[in-house]
Amino acid sequence: MKNLLLTGTAGFIGSNFVPYFLEKYKDYVLINLDLLTYAGRLENLKECQNNPRFKFIRGDICNQELVQFLFEEYNIQGVIHFAAESHVDNSIKNPEIFIQTNINGTFNLLNIAYKHWMKKPFVYKEKYQNCRFHHISTDEVYGTLGECGFFTENTPYAPNSPYSASKASSDMLVRSYHETYGLNTIITNCSNNYGPKQHDEKLIPTIIRNALAGNKIPIYGDGKNIRDWLYVLDHCKGIDLAFHDGRSGHTYNIGGRNERTNLQIAYKVCELLDQYRPKDISYKAQIAFVEDRAGHDRRYAIDASKIENKLGWKADENFDTGIIKTVEWYLKKYE
Ligand code: NAD
């Protein structure tokens, strides 16, 4: 048995990852550390709670004493770090907590992993050889694209929001622990995820919730901002591959090759709702354009060739299949 520390797993992506990972790897015990901020819900992990290889601890990744205790108590032999403040709009209103959690929290985890696993730079302690620190990051660190082109692992960082700047900073800290101390690190930078268990504040749950409630469906600006949408389980499979087979110190971009404008997303969701819950007029009539987000990046698109070619990753869902599963899940949640 090997004990891994997973952070932020009561949130959207982590809570999709944990059941998948527990089921696939029977020799891992997963120690889950999550502060249960407004974005985390224990309910998201209810299918894992009776599994003896699942342990949940409510706590802050910034708490040095606690994280140190967990490394010692559970003899942690790997980290997969999801915890973050993740909503761009909140980072525009209250950037401080993003700096605290995303930068200081990542630093705290890195520093404790280094001290726990290694004797000195580039020398691992005998029993911790190959212990790996996997940092989950975002394509937003690369900034915004024009009408063409894709983000690759070599695209220079140009974060535009306090959220993406805090994630870019945390990526740089991870890089520095590899370059300076020889820590066995992996970074994955993923595009926009969608699927079950996402917080109500994010785009697709917002569209579905407001549509069903008969409210306006708010779409920023002209609705033409483009994101590259990936079904959350495909992201989890990419993390799994990179954690196990990725090259130490490397970064892997994960993305769906499913570019859509926000308006296309709203139309697609409304069309599905028109089929599942028909009304006299289409839900599309509820779409309303609202004042744009400050500094709203225009287009993100990932070139996932590296993880596809080097690790054999491939998305199993395309947007048309993934969105059906997603809408069905939220219909159950909201009704
Ligand atoms: P989320 O906001 O749904 O969940 C974040 C989780 O972290 C919550 O459970 C929260 O309680 C926990 N958390 C926050 N602060 C904490 C702290 N100080 N200590 C311990 N736990 C804390 O986020 P998500 O969408 O699941 O994203 C997970 C990771 O993936 C993040 O690092 C995010 O930057 C990255 N990411 C997300 C997307 C996406 O589309 N959602 C895309 C690419 C990358």
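1. Asp 320 is partly exposed at a relative accessible area of 39%; the term covers values between buried (under 20%) and exposed (over 50%), with a 1.4 Å probe and protein chains only. Its partner in a salt bridge is Lys 268, with the closest N and O atoms 3.7 Å apart. A salt bridge here is a side-chain nitrogen of Lys or Arg within 4 Å of a carboxyl oxygen of Asp or Glu. Because Lys 268 lies in helix α8 (residues 262-276) and Asp 320 in helix α10 (residues 319-334), the pair ties together parts that are 52 residues apart in sequence. Helices (H or I, at least four residues) and strands (E, at least two) are DSSP runs, numbered from the N terminus. Lys 268 is also partly exposed, at 24%.

2. On the basis of the note: this is a predicted model, in which local features need pLDDT of at least 70 and side-chain atom pairs count only at pLDDT 80 or more, while totals for chains, interfaces and linings use all residues. Residues are numbered from 1 along each chain as its sequence is written, and side-chain values use heavy atoms, leaving out hydrogens and water.

3. The structure holds 15 salt bridges. In one of them, Arg 257 and Glu 308 bring their closest N and O atoms to 2.6 Å. Arg 257 is in the loop between β12 (250-254) and β13 (259-261) and Glu 308 is in helix α9 (residues 305-311), so this pair ties together parts that are 51 residues apart in sequence. Arg 257 is partly exposed at 45%, and Glu 308 is partly exposed at 24%. Elsewhere, a network of salt bridges links Lys 237, Lys 314 and Asp 316.

4. Which residues touch the most other members of the largest nonpolar core? They are Leu 5, Leu 33, Phe 71, Trp 117, Phe 133 and Leu 183, in a core of 29 residues. Such a core is a set of buried Ala, Val, Leu, Ile, Met, Phe, Trp, Tyr and Cys residues joined through side-chain atoms within 4.5 Å. Two or more residues each come from β2 (28-34), α2 (64-74), α4 (95-117) and α5 (162-181). The largest share, six residues, is from α4.

5. There are 21 aromatic pairs. Rings of Phe, Tyr and Trp (its six-membered ring) pair if their centres lie within 6.5 Å; planes under 30 degrees apart count as stacked, over 60 as edge-to-face and the rest as tilted. Trp 329 and Tyr 330 are edge-to-face because their planes are at 80 degrees, with ring centres 4.8 Å apart. Trp 329 is partly exposed at 28%, whereas Tyr 330 is buried at 0%. Ring pairs also join Phe 17, Tyr 20, Phe 21, Tyr 25, Tyr 28, Phe 82 and Phe 243 into a cluster.

6. The count of disulfides (cysteine sulfur atoms within 2.5 Å) is zero. For Cys 236, the nearest cysteine sulfur belongs to Cys 190, 9.2 Å away. Cys 236 is buried at 0% relative accessibility; Cys 148 is exposed at 64%.

7. Two backbone points deserve a look. Asn 130, in the loop between β6 (123-124) and β7 (132-138), has a positive phi near 70 degrees and is exposed at 62%. Lys 197, in the loop between β9 (192-194) and α6 (203-213), has a positive phi of about 75 degrees and is buried at 12%.
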